[in-house]
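Here is a short report for a reader meeting this structure for the first time. Please look over the sequence and the model before reading on.

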Amino acid sequence: MSSNDLDALLRVTSSTYRGDTSPDIAFGTYDGAVGRLVLAVTGKGIAACSFEAENDVFELLTRHVGRYIGPDTRRLDPVRRELDAYFSGRLRAFATPVDLTLATTFARTVLQKTMAVPYGTTTTLETIGESIGRPRALRAIGNALASNPVCVVVPCHRVVREDGALGGYAGGAAAKQHLLNVERRASAAR
């Protein structure tokens, strides 16, 4: 699906709104310190905060969550405000609930453990593996983190290699380092 196709689909989808009816999935973007993030909010919470292309996230949502997708600033703006506060070092924990519908069952387990990693700290694949009773599943854990549909909010950037090296990240090494630096500076300032 091209960018023009996505724009046209969003126009058609949003033109079908009636009155106060909002889409099942609020869809939009956020341009921040680590680049463009594609956002999607369902009735359960934030389902996507992704570095992937808008088209890819839109198609994934259509296949796995629902078809009534469109802009809804009432639901997207609170997430955008939280991201602004996070990037400025004023927010340590997101209040918006997380909807891990786009993650596999195993990935949900890994991502839930990742959400427990305290702000301003890091952990390792090995530590997560031990905490979920799968100490040898390092590749599967790495894949679960790499496919995190809710980056930044679900802090997979806090998982580093056992030797302290950054390791991979969907947004790239510079984005991962930036997120860790934001948290370290904010933690040191308190």
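## Overall layout

This is a predicted model. The protein chain has seven helices and six strands. Along the sequence they follow the pattern α-β-β-β-α-β-α-α-β-α-α-β-α.

Of the 190 residues of the protein chain, 45% count as buried. Among contacts with a separation of 6 or more, 63% are between residues 24 or more positions apart.

Strands of a sheet pair through backbone hydrogen bonds, either parallel or antiparallel.

Both kinds of pairing can be followed here. Strand 1 and strand 4 run parallel and are joined by two bridges. A26 stands opposite G70 in strand 4. Strand 2 and strand 3, by contrast, pair in the antiparallel sense over four bridges. V38 has S50 in strand 3 as its bridge partner.

## The hairpin

Strand 2 and strand 3 form a hairpin, with four residues between them. G45 lies in the turn and has a positive phi of about 150°. Strand 3 is mostly covered: five of its five residues are buried.

## The nonpolar cores

In soluble globular proteins, nonpolar side chains tend to be buried together. The largest nonpolar core of this model has 40 residues. Which of them touch the most other members? They are L39, C49, L83, Y86, F87, V152 and Y169.

Helix 3 gives the largest share, six residues. There is also a second, separate core of ten residues, which includes F27, V57, F58 and L102.

## Y86 and the aromatic rings

Y86 is buried, with a relative accessible area of 1%. What does Y86 contact, leaving aside its neighbours within four places in sequence? The list is L91, F94, Y119, V152, H157, L179, V182 and E183.

The structure holds six aromatic pairs. In one of these, the rings of Y86 and F87 have their centres 5.4 Å apart. Their planes stand at 75°, so the pair is edge-to-face. F87 is buried too, with a relative accessible area of 12%. Ring pairs link Y30, Y86, F87, F94 and Y119 into a cluster.

## Helix 4

The buried residues of helix 4 (residues 105-115) are A107, V110, L111 and T114. Why do they lie on the same side of helix 4? They cover an arc of only 95° around the axis, which puts them there. These buried residues pack against helix 5 (125-131), helix 6 (138-146) and strand 6 (159-160).

## Helix 7

Helix 7 has 17 residues. From its first C-alpha to its last, helix 7 reaches 24 Å, close to the 24 Å expected at 1.5 Å a residue.

The buried residues of helix 7 are A175, K176, L179, L180, V182, E183 and A186. Seen down the axis, they fall within an arc of 150°, so they line one face of the helix. They pack against helix 3 and strand 6. On the other side of helix 7, A174, R185, A188 and A189 are exposed.

A146 is found in helix 6. Is A146 buried or exposed? A146 is exposed, with a relative accessible area of 56%. A146 and G168 are 22 residues apart in sequence. In space, they are 7.6 Å apart, C-alpha to C-alpha.

Technical notes:
Residues numbered from 1 in each chain as written. Predicted model: local features only at pLDDT ≥ 70, side-chain atom pairs only at ≥ 80, totals over all residues. Heavy atoms only, no water. Buried < 20%, exposed > 50% of the residue type's maximum accessible area, 1.4 Å probe, protein only. Arc of directions from axis to C-beta. Contact = heavy atoms within 4.5 Å. Core = buried A, V, L, I, M, F, W, Y, C linked by side-chain atoms within 4.5 Å. Pairing = 2+ DSSP bridges. Phe/Tyr/Trp six-rings, centres within 6.5 Å; stacked < 30°, edge-to-face > 60°. Expected span 1.5 Å × (residues − 1).
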